[in-house]
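Here are my notes for someone opening this structure for the first time. Keep the view open as you read and check each point as you go.

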Amino acid sequence: MSILVIVIIVVIVLALVSFKIVPQNSVGLLETLGKYSSTRQTGLNFRLPLVQKIRTVSLALQPLKLAGYSVITKDNADIGATVTLNFHITDPVKYSYENTNSIESMQQLVRGHLRDIIGRMELNEALGSTSQINKDLAEAIGDLTNTYGINVDRINIDELKPSAAIQSSMDTQLKADRERVAAISQAEGEAKSIELRAKANNEALIATAKANAEATRTKADAESYRIDKVQAALKNADQNYFNNQSINAFEALAKSDANLIVTNGADLDQTGQSAVLAKTLGQELAKEQD
């Protein structure tokens with residue numbers, strides 16, 4: 001192989017390693033002999049082979065799920081927390097050179113603030129306040145640009161799960177609460193049923209009493225009407241009517257089992273003048289003699 005060919009190959013190789021493409025939504029950090037020199041933008045960038053290199057840093061939004069870890073509430077309940085956050089690099093130089101691992105440092109900061117926020121809450125309050133915890137955690141973290149060259153765009157509590165022992169206790173309490181509510185509902189239903197039956201019975205008694213009172217009043221009105229009619233008729237009756245009534249009375253009395261009659265003697269003499277009464281009394285006396 002000729003020297004010319006070798007030279008050409010070397011030139012081509014140097015040309016290839018002297019350029020690096022920085023992709024879209026990224027920046028290139030140019031390092032000369034291991035020291036940061038400048039920031040290169042998207043596109044084709046030149047570098048001195050063996051002397052300089054370009055470190056690519058993405059500026060795109062990145063999701064990160066923090067592994068579940070234990071958090072203690074104010075009432076000493078142990079719960080497991082799972083957090084998801086989205087972040088992007090705002091300062092590539094600080095992100096790459098001022099922290100050994102900015103992402104791990106960010107995770108530790110999130111965990112610390114989350115423990116502090118939940119540590120001020122009771123268990124039931126924490127389990128029902130994930131939205132407020134998200135808000136408080138975002139405010140506590142703030143902008144991490146000056147510290148880690150990172151900004152957290154969104155943070156979300158995926159799960160707050162009590163330990164197995166606490167979950168079992170909560171299930172037992174929940175079951176007891178449900179049974180208590182069911183017993184109260186059943187008792188209230190029975191009390192309402194008794195109340196309705198008593199009300200119905202009272203209404204029936206009142207209705208019966210009103211009906212009886214109405215019937216008694218109607219009967220009394222009818223009797224009063226009859227008496228008034230009789231009295232009116234008696235006012236217009238002559239003495240013969242009364243004599244006839246007396247005869248009928250003595251006749252009925254004579255047919256009865258009674259053998260003693262108490263009456264006004266004067267009236268008896270007057271009544272005895274009636275041929276019918278005399279005949280009736282005579283027949284009765286004859287029966288007694290026989």
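This is a predicted model: local features need pLDDT of at least 70, side-chain atom pairs count only at pLDDT 80 or more; totals for chains, interfaces and linings use all residues.

**Notes for a first look**

1. Start at the loop that links strand 6 and strand 7, where you will find asparagine 76. Asparagine 76 isn't a glycine, yet its phi is positive, at about 65°. It counts as exposed because its relative accessibility is 67%, and the cut-off for exposed is over 50%.

2. Asparagine 25 has a positive phi too, near 60°, and is likewise a residue other than glycine. Look for it in the loop between strand 1 (19-22) and strand 2. Is asparagine 25 buried, exposed or partly exposed? Its relative accessible area is 38%, so it is partly exposed.

3. Now zoom out for the overall picture. The protein has ten helices and nine strands. Of its 290 residues, 23% are buried. Taking contacts between residues at least 6 apart in sequence, 64% join residues at least 24 apart. The exposed surface comes to about 19800 Å², with carbon and sulfur atoms supplying 55% of it.

4. Which order do its four strands follow? They run 6-7-9-8 in an open sheet, with antiparallel pairing. Strand 6 and strand 8 (143-144) are the edges, each pairing on one side only. Strand 8 meets strand 9 over two bridges, in the antiparallel sense, and aspartate 143 stands opposite asparagine 151 of strand 9.

5. The largest nonpolar core holds 33 residues, and Leu85 and Leu114 touch the most other members. Two or more residues each come from strand 2 (26-32), strand 6 (62-72), strand 7 (78-89), helix 3 (102-119), helix 4 (123-127), helix 5 and strand 9 (150-162). Strand 7 gives the most, with six residues. As background, nonpolar side chains tend to be buried together in soluble globular proteins.

6. Leaving out residues up to four places away in sequence, its contacts include Leu64, Leu66, Met106, Val110, Val152 and Ile155. Gln62 and Arg154 are also among the residues it touches.

7. Helix 3 passes a simple length check. With 18 residues at 1.5 Å a residue, it should span 26 Å, and its end C-alpha atoms are 26 Å apart, so the two agree. At its start, a side-chain oxygen of asparagine 101 comes within 3.3 Å of the backbone nitrogen of isoleucine 103. Buried residues in this helix include Met106, Val110, Leu114, Ile117 and Ile118, but also Ser102, Gln107 and Arg111.

8. Asparagine 134 sits in helix 5 (residues 130-141), and it is buried because its relative accessible area is 14%, with the cut-off at under 20%. Its side chain makes a polar contact of 3.4 Å with the side chain of asparagine 156. Setting aside residues up to four places away in sequence, asparagine 134 touches Ile155, Asn156 and Ile157.

9. Finish with serine 96, in helix 2 (residues 92-98). A relative accessible area of 17% is why it counts as buried. Where does its side chain reach? It comes to 2.9 Å from the backbone oxygen of proline 92. Not counting residues up to four places away in sequence, serine 96 touches Leu29, Arg55 and Val57.

Key
Residues are numbered from 1 along each chain as its sequence is written. Side-chain values use heavy atoms; hydrogens and water are left out. Buried means under 20% relative accessible area, exposed over 50%, partly exposed in between (1.4 Å probe, protein chains only). A polar contact is a pair of N or O atoms within 3.5 Å; within protein, one must be able to donate a hydrogen and the other to accept it, and residues adjacent in sequence count only if both atoms are side-chain atoms. Contact means heavy atoms within 4.5 Å. A nonpolar core is a set of buried Ala, Val, Leu, Ile, Met, Phe, Trp, Tyr and Cys residues joined through side-chain atoms within 4.5 Å. The expected span of a helix is 1.5 Å times one less than its number of residues. Accessible areas come from the Shrake-Rupley method with a 1.4 Å probe; for residues, only the protein chains shown count as cover. Two strands pair if DSSP finds at least two bridges between them.
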